[in-house]
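Here is a short briefing on a protein model.

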Amino acid sequence: MRKSFLFVVLAAMLALAVIPAFAQETVDVPVWIAFTDENRLGWAQDRAVEYNEMFPQYNVTVEGYANYEELFAATALAAEQGTLPAVVQYFEVATQDARDSGYFKPIAEAIGDRTDINGIAVNFDDFVGPVREYYTIDGVFTSMPWNTSSAIYFSNMTILDAAGVDTPPTTWAEIDAACELVMALETAPEYCWTFPNHGWFFEQWIAQQDEQFANNGNGREERATEVSINNDGSVALLTFLDEQLAKGYLYYSGAQGGDSWGTVDQAFSTQQVAMAAYSSSDTATYTNVGTDNGFEVVASFLPYNEVTGWTGNLIGGASLWLVDGLSTEVEDGALGFLLSINSTENAAAWHQLTGYIAVTTSANELLTEQGWFEENPNFSVAADQLAQSTITTATSGAIIGAFPSIRSVVTQAVDTALLTDEPVADVLAAAQEDANTVLEEYNLLNAE
């Protein structure tokens with residue numbers, strides 16, 4: 001009897017000792033992103049620490065990968081092994097690939113009719129129009145916008161002023177006119193302007209002319225089955241670029257895709273060119289390059305084809321995707337973090353740190369109230385460009401399978417048009433055929 005009593009007492013004491021340990025357990029919420037630099041990865045990790053302090057039931061961790069390709073490979077391996085994280089960052093043109101992977105669950109579906117997650121408000125209407133439209137597919141808000149950019153134009157006003165050009169060009173014709181004056185200077189740069197031969201810029205200039213990149217409503221009404229690279233807008237674009245190269249105005253390094261960004265950086269920073277089309281995500285870098293090297297840099301809207309007029313511009317960057325099949329506890333922890341990273345204050349701070357667009361109206365209003373844009377006018381350009389864009393099927397952006405591979409076809413076409421005598425229309429016709437082969441093969445493997 002005595003032994004039984006002692007056993008019961010010891011068991012009760014052990015149970016009481018274990019209860020606090022269980023009570024202190026947290027729910028792990030791993031997040032994978034394609035940044036490793038201290039600014040961007042460090043900022044995201046700091047937000048995770050803050051979130052965990054606010055909600056100690058969660059342990060959000062942010063792991064960085066060197067690039068999107070490395071991240072996608074790790075995600076595919078984790079899916080095979082059943083070890084997917086809670087959240088993964090995908091760049092915008094991998095949207096269809098993300099949907100077809102089966103890894104993810106739409107944000108709106110996970111939230112349902114709730115107006116908050118753990119007290120953090122849900123307000124999709126606060127996202128600026130083009131951003132909201134891009135990530136709304138089949139009427140459903142699919143992934144969480146985060147690092148959003150737009151293609152804009154940077155001008156070395158020290159050179160332009162010397163040439164008698166008072167303001168940055170707004171159209172292709174104005175680029176041509178400005179370059180004629182710039183290249184007539186005794187101290188003229190080697191070339192007048194440049195751009196990265198990256199598929200994103202081709203898409204931007206086509207969307208400005210309200211040309212759709214793919215059929216079926218740019219892949220938004222139903223799955224895209226054909227790419228429309230060979231259209232009037234594309235012909236006009238490559239003809240313009242070819243003429244600029246022939247005149248000695250355009251600097252084209254021959255680098256394509258991701259390799260082309262660095263050649264533009266080098267040309268602009270060393271004043272080899274007076275102007276450059278680039279991503280707004282590097283607004284801080286390009287502005288500071290001028291300050292550090294004694295010339296004034298002014299950012300402006302990406303120049304457009306004056307013949308067709310300007311409809312608007314596309315977004316770029318990436319979004320955060322919620323993994324499907326999570327437990328309720330992990331899913332809610334992830335949803336709360338996704339909402340908190342785009343709080344008014346966080347969206348504004350992310351913009352100030354990086355130059356990425358503040359993706360919510362409230363963040364832009366806060367920055368305006370603080371005088372940020374007045375003191376840093378270059379930082380307002382991308383947001384203004386998107387705000388003034390007309391939302392059409394074209395400017396909402398294409399949703400296409402195998403988009404990264406199709407971009408490679410496009411950049412090769414641009415390269416061929418600029419470096420050979422082959423007629424632009426023939427180059428585009430061949431590229432369209434190749435792109436559609438890529439898309440057809442993708443759809444055969446992925447379409448339901």
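**Briefing: domains and charged pairs**

Arginine 99 counts as partly exposed, at 33% relative accessibility; the class lies between buried (under 20% relative accessible area) and exposed (over 50%), with a 1.4 Å probe and protein chains only. The model is predicted: local features need pLDDT of at least 70, side-chain atom pairs count only at pLDDT 80 or more, and totals for chains, interfaces and linings use all residues. Residues are numbered from 1 along each chain as its sequence is written, and side-chain values use heavy atoms, with hydrogens and water left out.

**Arginine 99 and its partner**

- Arginine 99 and aspartate 138 meet through their side chains in a salt bridge, 2.9 Å from N to O. The term means a side-chain nitrogen of Lys or Arg within 4 Å of a carboxyl oxygen of Asp or Glu.
- Arginine 99 sits in helix H4 and aspartate 138 in the loop between E7 and strand E8 (140-141), so the pair ties together parts 39 residues apart in sequence. Helices (H or I, at least four residues) and strands (E, at least two) are DSSP runs, numbered from the N terminus.
- Aspartate 138 is exposed, with a relative accessible area of 52%.

- The domain assignment of the protein chain gives domain 1 (25-149 + 316-375) and domain 2 (151-313 + 400-446). Such bounds come from an automatic or database assignment.
- The contact takes 17 residues from domain 1 and 15 residues from domain 2, where contact means heavy atoms within 4.5 Å.
- The centres of domain 1 and domain 2, taken over C-alpha atoms, are 29 Å apart.
- About 1300 Å² is buried between domain 1 and domain 2, and carbon and sulfur atoms give 44% of that area. Buried area is the accessible area (1.4 Å probe) that two parts lose on being put together, summed over both.
- Val93, Gln96 and Asp100 supply 37% of the area that domain 1 buries against domain 2, more than any other three residues.
- Between domain 1 and domain 2 the count is 2 salt bridges.
- Across this interface, 7 residue pairs are in polar contact, with both residues at pLDDT 80 or more. A polar contact is a pair of N or O atoms within 3.5 Å; within protein, one must be able to donate a hydrogen and the other to accept it, and residues adjacent in sequence count only if both atoms are side-chain atoms.
- H4 gives the most to the side of domain 1 that touches domain 2, with 3 residues.

**Other salt bridges**

- The structure holds 9 salt bridges.
- Arginine 407 pairs with glutamate 92, the closest N and O atoms being 3.2 Å apart. Both arginine 407 and glutamate 92 are buried.
- Glu92, Glu203 and Arg407 are linked in a network of salt bridges.
- Lysine 105 forms a salt bridge with glutamate 331, with the closest N and O atoms 3.2 Å apart. Lysine 105 is in strand E4 (residues 104-105) and glutamate 331 in helix H14 (residues 328-341), 226 residues apart. Lysine 105 and glutamate 331 are both buried.

**Threonine 360**

- Threonine 360 lies in the loop between helix H15 (344-354) and helix H16 (361-369). Threonine 360 counts as buried, at 2% relative accessibility.
- A polar atom of the side chain of threonine 360 lies 3.2 Å from the backbone nitrogen of alanine 363.
- Leaving aside neighbours within four places in sequence, threonine 360 is in contact with Asp126, Phe127, Val128, Asn342 and Ala347.
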